[in-house]
There are 2 protein chains.
Amino acid sequence: MAKLILQSVLFQGKKQDILISGKKFAKVGRPLTERDWDKAEVVNCDGLAIVPPFYNGHTHAAMTLLRGYADDMPLQQWLTEYIWPFEAKLTAKDIEIGSRLAVLEMIKSGTVFFADMYWHREHTMKVVEEMGIRASIGVTIAENLGTSGRIEENMKFIRNHCHESERVKLVVMPHSIYLVGEKLFKRCAKVAHEEGLVLHTHLSETIKEVRDCKKQYGCTPVELLDRYGVLDDNLVAAHCVHLTQNDMSLMADAGSAAILNPCSNLKLGSGVPKINQMMDAGILLGIGTDGASSNNNLDMHEDMKLVSLLAKANGRADALPAGEVLNMATAHVAMAFNVPAGVISEGFLADALLLDLKNERLNPLHNLESNWVYAADSSAIHSVICNGKFVMRNRHVDGEEDIVKEANACALEIASR
Amino acid sequence: MAKLILQSVLFQGKKQDILISGKKFAKVGRPLTERDWDKAEVVNCDGLAIVPPFYNGHTHAAMTLLRGYADDMPLQQWLTEYIWPFEAKLTAKDIEIGSRLAVLEMIKSGTVFFADMYWHREHTMKVVEEMGIRASIGVTIAENLGTSGRIEENMKFIRNHCHESERVKLVVMPHSIYLVGEKLFKRCAKVAHEEGLVLHTHLSETIKEVRDCKKQYGCTPVELLDRYGVLDDNLVAAHCVHLTQNDMSLMADAGSAAILNPCSNLKLGSGVPKINQMMDAGILLGIGTDGASSNNNLDMHEDMKLVSLLAKANGRADALPAGEVLNMATAHVAMAFNVPAGVISEGFLADALLLDLKNERLNPLHNLESNWVYAADSSAIHSVICNGKFVMRNRHVDGEEDIVKEANACALEIASR
């Protein structure tokens, strides 16, 4: 098995040699033996610190093609006049190109995993495989986003392809309670359980969704999922902006995870998630960026800091310390999607960021964790490791200029179609 | 006069040649003549776009030494157990070293001006002069932060030094309504008017400040300044988190400027500024970062995006378009501090950022302004120009490694004193 030694890397306050064997951390915090050094690739990490990379709990990668295409307008106008007409023109090839730009951006901002939801997923999957990171790709199930034949096709795709790749998993993704009815939602949950896949959905994103649900079903969206019997520890729900206290208790008791997407929620005017109450209720909280058309980037660091600020905003400066919000952006998301990663520890998958300790924002070094969470931006990231391999070295990703150029040309051409 | 031509730089949607003559923009958007090209330094800007740099409306530069020293605790504990004891140990030399790290960080994140407030200001002024950017340095006046002799000394300093430097100005800075009484506040305003200096103060930062003021004076802090007769278009007030509708009307009518510091306000649990109401009232709004001990960086881009998100958060996706919030972080602050800059236009001071159009977050290029405001971070900044001269080229600032190293050693040594 390939061996990689990160020599003299700063970890937990001291310089250490860390051994990666194959795709996992093999020795962390223990002295290496002569045998460990034998035939290992040794990377000098003097002046670098190791921290867990980001795991993006909810996004739509290929939507990077729509970055900056429409902003600063009411949701309905934004969707109907700009986003949907643009999306209607997207081909499978476009989605491949957009996904490649997205994965590049993620790597450069320290993300090695994303939970995706979009069309032509095979093309996104191919890009993730090629570029060396991880993803849980949502196979979207929706009743009015296609024919019922499409639903069958998607279910078949799940059954046939869910265990093909080591780094790229599928998740069953009933779009939302407003696009998927009881029978189909239950079927999705059943398929997910049978195949050992996560069930991922949009939940309580807007006031309108909650109001419409109450009108139609007499209960909140979370209560509806509970009624369906699908609110359990296999469910990962994105957004969760408008939860009631009862919703929070239900989710916590069920062990369902919530993925906060504050930047998208604020920018679209959807509201501010009740982070403190959700924490107090005991819900497993992760963080995602949502798509680049509403964020407008895929920078987990930015959403992480925003979660932290929103939790503290009103008289709670001691709420959500740096280490906890970092967990939400790393280990919690990995946990929610059943990826044994997000922690620099023996036996976990060897995913990591190497931070450049010369970066001005990581200094002075009173507290690396605080500096990383509250002060840094992507410029502090020197290298990115996923599954035991470098996917970025010294801020460079192979082929990045071509990826950017191709995506730009593609997006401008779509806009002119 | 030295001439600099930015050749083929992207500006307002097309590639242009921009002429800088001495410290000002001389030709923007007009064809250059043979005479313009004669003896000019020509910089090839193909692949770069020009945008205004940031002007930081309120900070405490030397507090970078305290970055990460204490976080995630109640305000009183933070101040009394950590910040004040650390600050009590700071020497003039420490403040020079901390200011140098701060100015480096500002340049690297695209800021060319800051309004400062701290001690040993001569040392901060020296650093700003050396490093080539601008500042309005607050000479702090406070009744219980020193003896009355200190007040006289500071007033004398203002009279003697306020017109010495082109790039480094003084501002008269009565600390706040709780540290400066009526007589002294009026005297500060008088000195400011006589010397043609801006009057800068902290205002309505916390609920406690407002409550205490109401108890002591029977009115809000803004009303108190109005009563003192110092609420006019020469006043720049930092924070302004807890304004009433009447406060906003008073400030708007008086032409006083407010500097929003949302990142600091949220992190310290002080509250969320009422951005939309302040805009609706017609107050000139600028943005600042506050000090690095409460932010924890000096990145204006981060605060700019946060202002934008907070304005949109609750059902107002069309509030505060990208161009407007960019103005708040650039031209508005320059205007508030009487610096004829912040606009890429003939006759204005030649301050600018060159953005790297290859940066993944500036692509696809549907809308550069949107990409810059909503998607980018400091990694997109290629070069920084201040007063007609490069202060950063191709992401490098002269001496940066030494500045970082010295500041780190200094801060850790202070902590161990």
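Modeller: Let us start with burial. A residue is called buried if 20 or more other C-beta atoms lie within 10 Å of its own, exposed if 12 or fewer, and partly exposed in between, with C-beta atoms placed from the backbone. In chain A, buried residues make up 60% of the 417 residues. This is a predicted model, in which local features need pLDDT of at least 70 and side-chain atom pairs count only at pLDDT 80 or more, while totals for chains, interfaces and linings use all residues. Residues are numbered from 1 along each chain as its sequence is written, and chains are lettered from A and ligands numbered from 1 in the order in which they are written.

Colleague: How many helices and strands does the secondary structure of chain A hold?

Modeller: Helices (H or I, at least four residues) and strands (E, at least two) are DSSP runs, numbered from the N terminus. Chain A has 16 helices and 16 strands. Its radius of gyration, taken over C-alpha atoms, is 21 Å, close to the 22 Å that the globule rule (2.2 Å times the number of residues to the power 0.38) gives for 417 residues, so chain A is as compact as a globular protein of that length.

Colleague: Into which domains is chain A divided?

Modeller: Domain bounds come from an automatic or database domain assignment. Here they give domain 1 (3-52 + 348-395) and domain 2 (54-336) of chain A. Their centres, taken over C-alpha atoms, are separated by 29 Å. Two residues are in contact if their C-beta atoms, placed from the backbone, lie within 7 Å; by that rule 16 residues of domain 1 of chain A touch 21 residues of domain 2 of chain A. On the domain 1 side, α15(A) gives the most, with four residues.

Colleague: How many residues does each chain bring to the contact between chains A and B?

Modeller: The size of an interface is often given as the accessible area lost when the parts come together. Counted by residues instead, the contact takes 57 from chain A and 57 from chain B. On the side of chain A, α16(A) gives the most, with seven residues.

Colleague: Which way do the residues of strand β13 of chain B point?

Modeller: In a regular strand the side chains alternate between the two faces of the sheet. In β13(B) (residues 284-287), B:Leu284 and B:Gly286 point one way and B:Leu285 and B:Ile287 the other, and all are buried. Strands pair if DSSP finds at least two bridges between them; four bridges join β12(B) (residues 257-260) to β13(B), and the two run parallel. B:Ala257 has B:Leu284 as its bridge partner in β13(B).
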